[in-house]
Amino acid sequence: MIAAALCFLLSAAPAAQAVPKPVSQGPPPASPTPKPPSATPEGQKPQAAKLGTAKARTDQPGTAKPTKGNTGTKFPADQEPTKPASEPGSKRAKQAPPVPLRKFHRLTTADGSRFHLIQDPTVAHIHWAIASWADGRDDPPGLPGLTMATAQASLAGTWSTGSSDPQAEREALDKLYEAWQQQLAKPGNSEAADQVIKLDTEAAKLGDSRIFERVLAAAPAFQPEILDRAPLAVFALTTTEPAIETVAKLLLERREEQALRDLDLAWLPSVLARAQAHALNPRHRLHGEVLALLMPSSPAIAHLEAPPITAPNRDQAQAAWQASQHPTNTVHVLIGNFDTDYIKKTLSLVFSETKLIAPARREAPRRPLGGQRRSIVPGIASGGGAIAWGLPPITDPTALELARRWLMDERGPLRRALGKKRPNLVIDCRAPWPTTTSGQSLLLLDLQDPNGKPGLVNEVIAICKTIADKPLSQGQFYRNYLQLSSDWNRTSDSPRAIAIMLAERALVWPAVKLDRLALRHRKADKVLPILKAVFASNPATVEAK
Amino acid sequence: MIRSHNHNHNRRRSHHVLTAMTTALVFTACSGPPPAPPKPEPKKPIPTRAVSANAQSQSLRLHNGLETYLELAPSGSDTQVQLAVVAGSLFVAPGLAELAATVMLESSDPAAGRPSLRHRIEALGGTIDAKIGLMTTWFDIRIHQNSLAKSIIALRESLESVTQSRSQIERMRSDLIATLAAKLDDEPLREAARMLLHGEVGTGAYLNSLLDLDPSEVSLFHSRLYRPERCLLAISSAGDFNETRAILHLPAATAIAEWNPPPAVPGPSPIIERKFESGLYWASTAGRPGLVQASFVMRLPDASVKSGAAEWLVMHSCLTLGGRGGRLERMQDEAGVTDVHWQTHIERTPDAIALVMSATVPFQQAITLWRVLNRARQSLIDVPPTPSELQLALRRARLDANLPGISSGERLRLAANLKSRGIAARGLITRLEQISDLSTWNQTDAAIAFQETPAWMVAIGPGPAPELPDLRPFELLPKGFEATIDSEPTPAAIAATGSWLIRARAATGGSEMFDGLTGFNSTGTIVADRSPDATDIIVWNQSGKLTRRRKIVGQTLTTELEGNNWSETFDKVRKSLNAREAKLLRHQMMRHPLMLLAANQRGTLQFRPIAQRSSGDRELMILEAIGNEFDRLRIHIDTESHLIRIVESWERLPDETLVHVRESWSDYRTAGSMRAPHRLRTTWNDGEHQTETVFSEWLPTLKN
């Protein structure tokens, strides 16, 4: 939730920065810092002017004379770098050092792939993240989670890399999948199980699932991995600039010639994990009922239900993979200290066409309510309920996130109003929920009172109606901003983690520019309109009994 | 066919950490005493030095000896503040550096109302963490640029007021050990790898070392080593250098440039002789029979290794390309181990970095893998890498060379380290470029030197360790260890306390009396240092209702708690209390020995056994309360009289500081139909503050 909600603070131009500008400098021409030259240069790369190249300063003395104590508000003389009066570079030395700049670029290649390129002079590698939807929109009916499983199996290789005989291997894998479906349809049948083992062994002779990662490692690429950031799948790796063309071609191959070997190793554990999660979280039934009331065609509903123990066939798996990985449905983010022209040129050359067919997707529409809708779900011992309102169009995800945190906060409006009467109140607020493009979904409040006092849902609805009517100070959300800031700082140490977060953000909030929003405080006049619009609408309520 | 050279495969590869780390000594211009052997240096003025070799960074030594490294960050970046102290895990005793860093982060000063450094940084929206290396400890702060000044002030104030309270330090040690134990439970291979990078021989030994430390050692560690001349402050900020320098110097009362601790307590701070001992480290633990968690841990060089680092990286890449391919995978296949799927990660400390490859494998396969690792390393000599292998490896090495600085925090630490030692930041990359011409270096010499680099295998699983040369058994956790803080007590443990509590009730009135005990009325006189005497008349009910009339200097302060109404009235002026204040008052009443015994009888409070100890001429049985009401509340029951002599607990004050309260109860006398203590000595934080209460009257309230 944090990764999906955090806004990135990077700003391209000095004018856009939130911090005070250095007073002593004029804007120097920006140019990238020197990069390690490659032994085997790939393509033609113009060497841009270097910033901050280390040069021996012959005009610096070795030591300065120490002086004692401070002298008023000036720095003590012993703290200043002292220079001889007639040093040759004194004019240049008085100029403030040029500020390193981070630059943002966007690129859409001929095949429809969208790239966000962030040139950062402080990052030695290139971190590459690709985000795609795995929320169920591309899952075949009855196979929720298949898209994520195909993503997780995608490093096992392609028809070009890892197969000794692609045609034979395709046939062997088709037979294996059929046998696998038979096995799941007849649990405990030893013949079916033996057949799976036999066909698996035969298929393994025709394809090696380790080769693709070995080739990536040699490119070189560090730690290629698929992350389950439900409802997104994110692929990430780290590489170097000279290897960009090689890595790009391998990623294109992964997309276009995916063999989906070892899908069973990804699919079955995911089904069992979801079954376990469903059993351990009875409140999923509440949430599923909320969606049934407000977003009945949402693919998230299937993910909230107990998963069927079944296996896909190869066509279904390939269809899910290809739909989710179509260039128009993914976002790439690259962060590093690179030559932007070279990277753009390389990516444009590599990602020039696709054989994948764009899926005909429909966003699950939200059903506006003319009045309150209520439902009761029996058999949930923890009690309480779930309330959901439709979200208005969101242009500022940070403001929404602050609102969400504030609603859950121990000093937020719900606990303040209900804390004495319900001291053990448990509040979980999710927004946007479920995660969809541009937040076109809901704000959900899941509420529990372990003391079991009745009337919780009605009380919360009544409080929410009045929230936006009360005057709030402009600094009302500052505490939540500090928490958000702290969470951001916890993860922003790693440029790779930043690339992953940005890829997620770019996919979920395509209209929000990555380089325009900074992680800065939002005053109440930015957050309040969202709360007003949300709580002015009719909610759907599902109570647990 | 591999030609075998006449090498002794059983030869232990011992790598003097100190030899390796001599080159890792930071702050070469430190004027503090040399690390080993320590000897006092004559005082001399610290020369001021300002170097500006790179326009985007500056180094400066402040007049208190603190070295600083300032770096310009791209605009819009978060600000990083890293304080390095030359006080790593090799200093004095194992675990001491980590505990000292924890104490630095978590120390609070209740008397001054100053919360911990961690709390202060988080209250600014930042984060702080301590990274322990062999020679250095780094405090890593990430903060918004606007909060830089406040974070530096917090740093200085924390450096100047690290707690010396034994109880506070012991509490922090308990928390640290519980955290480490939890990590060992979750990710034992990762923790084992981290220990190896500290030159430790096992995680159990490390925890034992922590348990053996005395709190006074922490205070000495801080006094002798946390000093400005042993520190480097690295700041990466989008603000300009003038602004940052101003923050370091002004205002004088709080500036870090004015941090001047009192003279160090005399005495040595020796460096532990420690070696990286390659080998197979095996821990027998519970787990799925027949399966073992195994990892290869291979140290990698960073730019601070002056000689041979490039060649080392290339040989490593011939061995494995970040856990895939290379000689290792090939020889695994030849040995029939084809189904291992390695998960790789990089394990880091500020002074060392290693590639870790982990997997769960059958027991016998673990032994095979150890042999494969050794053969693969040896094969680099027996069958020198081909030109194509070397070109692949060189390509990979260029990526690996920058792994030590892959995160912004590590990059800043490395940059500051290199700058401080005058090592060119691009030295390693430059050397890799030079050796891309294979004719300019001797690959066989490099392969031979590579055999000396540390490489370990860790195996953790059920069953006895196999008998192999180079096998080093270790304990994952010390024998009999239980991290009592976070672990759930077993029913047996809870039941074991029953007899003690029954006897305690019998000694003070019997179970029937405790069945009806709902509260008490008392009158007591409180005597404290530097405060006038006060008299408290208390009416307390277990429902939480309290009325306390405190008479002091002829005035009466009335405190009333009932339900959610909490107030104090003084001179007809009524003031509301907040939830924290009300909780503190209620806890004071609930901690009365007889109220604790009554709560246990009702079933609302259970205990677990901690220890049986001798204290003076008494034997005391110590029980700890379970549940969320109290924070580590312990009662000490006299094993002879079965009277509760001591109640101790931690309380959080309204300003978020933690205080340790120890209440010693004595003078048990008849009180109505029960027997109750009539004297109470209360000590806060090891004697920071003490009071003595003598009860002229104490009567139980019994329900009819």
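Residues are numbered from 1 along each chain as its sequence is written, and chains are lettered from A in the order in which they are written. In this predicted model, local features need pLDDT of at least 70 and side-chain atom pairs count only at pLDDT 80 or more, while totals for chains, interfaces and linings use all residues; side-chain values use heavy atoms, with hydrogens and water left out.

Chain A holds an open sheet of 5 strands in the order β7-β11-β8-β10-β9, with mixed pairing. Strands (E, at least two residues) and helices (H or I, at least four) are DSSP runs numbered from the N terminus, and two strands pair if DSSP finds at least two bridges between them. The edges of the sheet are β7 (373-377) and β9 (426-433) of chain A; each has a single partner strand, so one side of each is left without a neighbour in the sheet. From one strand to the next, the twist averages 15°. Angles run from 0 to 180 degrees between N-to-C directions, with axes fitted to C-alpha atoms, for helices over the stretch in contact. Strands β8 (residues 385-390) and β10 (residues 442-448) of chain A run antiparallel and are joined by 6 bridges; A:G385 stands opposite A:L447 in β10(A). Helix α13 (residues 397-408) of chain A packs on the sheet, where it touches β9 and β10 of chain A, and its direction makes about 165° with that of β9(A). Contact here means heavy atoms within 4.5 Å.

Rings of Phe, Tyr and Trp (its six-membered ring) pair if their centres lie within 6.5 Å; planes under 30 degrees apart count as stacked, over 60 as edge-to-face and the rest as tilted. The count comes to 14 aromatic pairs over all chains. The rings of A:W389 and A:F535 are edge-to-face, because their planes stand at 80°, with centres 4.8 Å apart. A:W389 lies in strand β8 and A:F535 in helix α18 (residues 524-536) of chain A, so the pair ties together parts 146 residues apart in sequence. Both A:W389 and A:F535 are buried (under 20% relative accessible area; exposed is over 50%, partly exposed in between; 1.4 Å probe, protein chains only).

In chain B, the rings of B:F520 and B:W698 are stacked, because their planes lie at 25°, with centres 5.1 Å apart. B:F520 is buried at a relative accessible area of 4%, and B:W698 is buried at 1%.
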